[in-house]
Structure formats: C-alpha cells, structure tokens
Amino acid sequence: MWVAGIDEAGRGCICGALFVAGVIGEEHKLACFGAKDSKKLSPKQRECIYQTLLESQHKGEIGLFVAQIEAWEIDKFGLSIAMKNGIEQILCGIAEFAISQKLIGQNVRQNTAGENLLNQLLNQDVEQNLTDSKNALQEITIDGNTTFHAQIPHILTQSDVRVQTMIKADDVLPIVSCASIVAKVSKDRQMHELDKLYPQYFLAKNKGYGTLQHKKAIAKNGYCPHHRKSFKILIQECLF
C-alpha cells in the first residue's frame, strides 16, 4: 500500500521561510529509513536519513516534495494562508507523482473557469486499472489537527484517496516522520546559509526561532530582509 505524509518546519520562527514537505512511498518499505520525529533526532541523524531519502527518490522508489514560503509572503498573507498554500503545493506534487506512477486514476475532467495550479493537472483524462490495492495510493496524512482549508486535487478525491490530519503523526507514522525530517533539514540549511550573510543574528544556532539572544540581536541591529516583521516581537523585554 502506498501512503503519503506532510509536515512543516519553521512555522513558529521569526526569521526565514516556512518549509512544508511531503513524502510518498510504499508503507512496508518506510521502516527501512529509521525515521522518527525530527525533533527527537540529532542534526547528524537527520542529515543521514535525508540523504537516504534523496537516494531513494533518485531511484524512483519514493516521491519527495518541498514548498518554501518566504518571510515576505507570510507577512503579506498571514501564517495560515502560508500553510494552506504550502500544503496545496505538496498535495499537487503528490498527485502528479501518483499519476506518473499509476497509483491513482480514472477519467477526470475539469472545466471550471479560473482553476488554480492544483487543478490544472486535472485537465486531462487519466485512465488506470487499479485491480491491486497494493499498487494504489490509499491515504495522505498531514501532521496536526487542520488542513488549513487546503484544496485537495480532484484526482485524489475521485480516486478515493483519504486525506486526513493526525496530531503527533510525525511521532507515530514513519511516512510523516520522513516528511518532518525533510522539512527540518531544509529549514536548517536555509538558516545556515543566512547565518553566513547575517552572522549578528546567530541564525545557525537559533534556527530562526525567537530566543532571547536572537531578540537582543534584533533590538541592537534591527531586522534583516528575512525576518517576519508581522510577528509580534517584544523587543523592549530584551533591552535589559
């Protein structure tokens, strides 16, 4: 049985992008990666599993997708919309992968005016004969308790793919654990790169979160272009 998982990293940060990641693969093979909730792994362990996932993706064994929502987009549209957009991008990627691997499919036509990116891939007839459920995508699990009202590609609903949410799914389901690792590694790598440009904020250390040291650095140096200026940062608390 094929399953997919979605998780994010950087949602509560005050600097850098929000990363939403998705992974799709065969359920019985996922345990081989040794994935756990990314927060319970060391940076070295996360990098090791991430590299293994990339190798598996290169072999065509799994699908791996990352949506990067920058700070300015979060400031402009809000965090909930950023999460919604990120999840929709990942769902679109999962749907395209499932179609290419013949994991889902039936005749679907979409002629609605003004359709968005998620539904553009549905402007085609997709014919599959899925006689064996083991070769079909069965469910997509999103970590948390909400989908943020993300639009689900029609091809997924028409193919009876269940999209569900689950609190602490990254600690329970290997596929979501894999997604959490991909999201976390992507976020941390961005922070290391930004740290080279803006060392005064200690981003390689705080990973963009609002630590006291980070807030004091903002109080002293102001914002860098990658800070989320819409977030309420109580700078006055850091001046003593």
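Visitor: Which residues of helix α1 are buried?

Guide: This is a predicted model, so keep that in mind as we read. The buried residues of α1 are R46, I49, Y50, L53 and S56.

Visitor: What do the buried residues of α1 pack against?

Guide: They pack against two elements: the strand β3 (63–69) and the helix α6 (174–197).

Visitor: How many residues does α1 have, and what span does it reach?

Guide: Helix α1 runs over residues 43–58, which is 16 residues. From its first C-alpha to its last it reaches 22 Å. The expected span, at 1.5 Å a residue, is also 22 Å, and the helix comes close to that.

Visitor: Which residue with a positive phi follows α1?

Guide: Look at G60, which comes after α1. Its phi is positive, near 80°.

Visitor: Let me step back to the chain. How many helices and strands are there?

Guide: The protein chain has eight helices and five strands. Read them in order along the sequence. You get β-β-α-β-α-α-α-β-α-β-α-α-α.

Visitor: What share of the chain is buried?

Guide: A residue counts as buried when its relative accessible area is under 20%. Here buried residues make up 48% of the 240 residues in the chain.

Visitor: And the contacts? What share of those with a separation of 6 or more joins residues 24 or more positions apart?

Guide: The share is 69%.

Visitor: Next, a single residue. Is I87 buried or exposed?

Guide: First find I87 in helix α3. Then compare its value with the cut-off for buried, under 20%. I87 has 1% relative accessibility, so it counts as buried.

Visitor: Which residues is I87 in contact with, leaving aside its neighbours within four places in sequence?

Guide: I87 is in contact with I6, V20, I142, T147, F148 and A150. Now take H149. I87 and H149 are 62 residues apart in sequence. In space their C-alpha atoms are 9.4 Å apart.

Visitor: Which residues line the largest cavity?

Guide: The lining is made of I6, D7, E8, V20, M83, I87, I142, D143, T146 and F148. The largest share, three residues, comes from β1.

Visitor: How do the lining residues of the largest cavity divide by class?

Guide: Six are nonpolar, one is polar and three are charged.

Visitor: How much space lies in the largest pocket?

Guide: About 280 Å³ lies in the largest pocket. Its lining has 16 residues. Those nearest the centre are E8, D37, S38, K39 and D170.

Visitor: Which elements give two or more residues to the lining of this pocket?

Guide: They are β1 and α6. Strand β1 gives the largest share, three residues.

Notes. Residues are numbered from 1 along each chain as its sequence is written. This is a predicted model: local features need pLDDT of at least 70, side-chain atom pairs count only at pLDDT 80 or more; totals for chains, interfaces and linings use all residues. Side-chain values use heavy atoms; hydrogens and water are left out. Helices (H or I, at least four residues) and strands (E, at least two) are DSSP runs, numbered from the N terminus. The expected span of a helix is 1.5 Å times one less than its number of residues. Buried means under 20% relative accessible area, exposed over 50%, partly exposed in between (1.4 Å probe, protein chains only). Contact means heavy atoms within 4.5 Å. On a 1 Å grid over the protein atoms alone, a cavity is a set of points where a 1.4 Å probe fits but cannot get out, and a pocket is an open set with protein on both sides within 12 Å along at least five of seven lines; lining residues have an atom within 4 Å of a point. Ala, Val, Leu, Ile, Met, Phe, Trp, Tyr, Cys and Pro count as nonpolar, Asp, Glu, Lys and Arg as charged, and the others, Gly among them, as polar. Grid points are joined across faces, edges and corners, and a volume is the space filled by probe spheres set on the points.
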